[in-house]
Every structure is written in structure tokens, then in C-alpha cells.
Amino acid sequence: MSKAQPPLAVIVLAAGQGSRMKSALPKVLHPVAGRPMINHVLAAAEALEPARIVVVVAPGMESVAAAVRPHAVAIQDRPRGTAHAVRAAEAAL
């Protein structure tokens, strides 16, 4: 007898400001191959058919939140590293 797999969830970390890109546009909204970078990531995540996708953004990133709809968005209140960003998604999971 095989063990039931728990539902798959995907957390996308998208809180980077992109300051090294010298642009006011959030890093994940920069176009790559004709569409925003975040769209490529979401397409790959959606292909896995997860039960839920949660995108972690920084405060004030309403443009990113709008771009990832209908997926859930979690706010990382302060940039404290990757593990902290993942933890920000916990409530949305």
C-alpha cells in the first residue's frame, strides 16, 4: 500500500527590489522573452498543478501583487533573508 502524498504547494519568492538593476520597476516585472520574469516562474509552477501557489512580496509591491493574481500573496514585512521570506508564506498555506 502506498502512502498518500500531501498536497503540493509552491512558494515563489518575489520580494526583491531589483536595486542592482538600476530600475524603478520591481525585478520580477522586468521582461524576459516578451513577458515579465514572474510569469515564466508562475507558468513553471502551474505546470506542477499544485494545490496552492503563494507569492511572497515586499511591502509596497502592489504592481507585483496585481501581476500574480489570482495566486495568493504574502507580505514579507522586512527583508531578513530567504528563510524569513518562506516563513512569511506560512499563513497563506
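**View 1. Ala-33 in the loop between β2 and β3.** Ala-33 lies in the loop that links β2 (31–32) to β3 (35–36); strands (E, at least two residues) and helices (H or I, at least four) are DSSP runs, numbered from the N terminus. Although Ala-33 is not a glycine, its phi is positive, about 55 degrees. Its relative accessibility is 74%, so Ala-33 counts as exposed (exposed is over 50% relative accessible area, buried under 20%, partly exposed in between; 1.4 Å probe, protein chains only). This is a predicted model, in which local features need pLDDT of at least 70 and side-chain atom pairs count only at pLDDT 80 or more, while totals for chains, interfaces and linings use all residues. Residues are numbered from 1 along each chain as its sequence is written, and side-chain values use heavy atoms, with hydrogens and water left out.

**View 2. Glu-49 in the loop between α1 and β4.** Glu-49 is located in the loop between α1 (37–47) and β4. Glu-49 is not a glycine, yet has a positive phi of about 55 degrees. With 70% relative accessibility, Glu-49 counts as exposed.

**View 3. The cis peptide bond at Pro-70.** Arg-69 and Pro-70 are joined by a cis peptide bond, with omega about 15 degrees. Pro-70 belongs to the loop between α2 (62–67) and β5.

**View 4. The open sheet β1-β4-β5.** Three strands form an open sheet in the order β1-β4-β5, with parallel pairing; two strands pair if DSSP finds at least two bridges between them. β1 and β5 (72–75) are at the edges with a single partner strand each, so one side of each has no neighbour in the sheet. On average, neighbouring strands of this sheet are turned by 25 degrees against each other, direction ignored (axes are lines fitted to C-alpha atoms, for helices over the stretch in contact, and angles run from 0 to 180 degrees between N-to-C directions). Five bridges connect β1 and β4 (residues 52–57) in the parallel sense. Ile-11 stands opposite Val-54 of β4.

View 5. Ile-11, Leu-13, Val-86 and Leu-93 make up a nonpolar patch on the surface, together with about 300 Å² of accessible area. Patch residues have over 30% relative accessible area and no salt bridge; like charges are joined within 9 Å, nonpolar side chains (Val, Leu, Ile, Met, Phe, Trp, Tyr) within 5 Å. A salt bridge is a side-chain nitrogen of Lys or Arg within 4 Å of a carboxyl oxygen of Asp or Glu. Accessible areas come from the Shrake-Rupley method with a 1.4 Å probe, and for residues only the protein chains shown count as cover. Leu-13 is part of strand β1 (residues 9–13) and, at 38% relative accessibility, counts as partly exposed.
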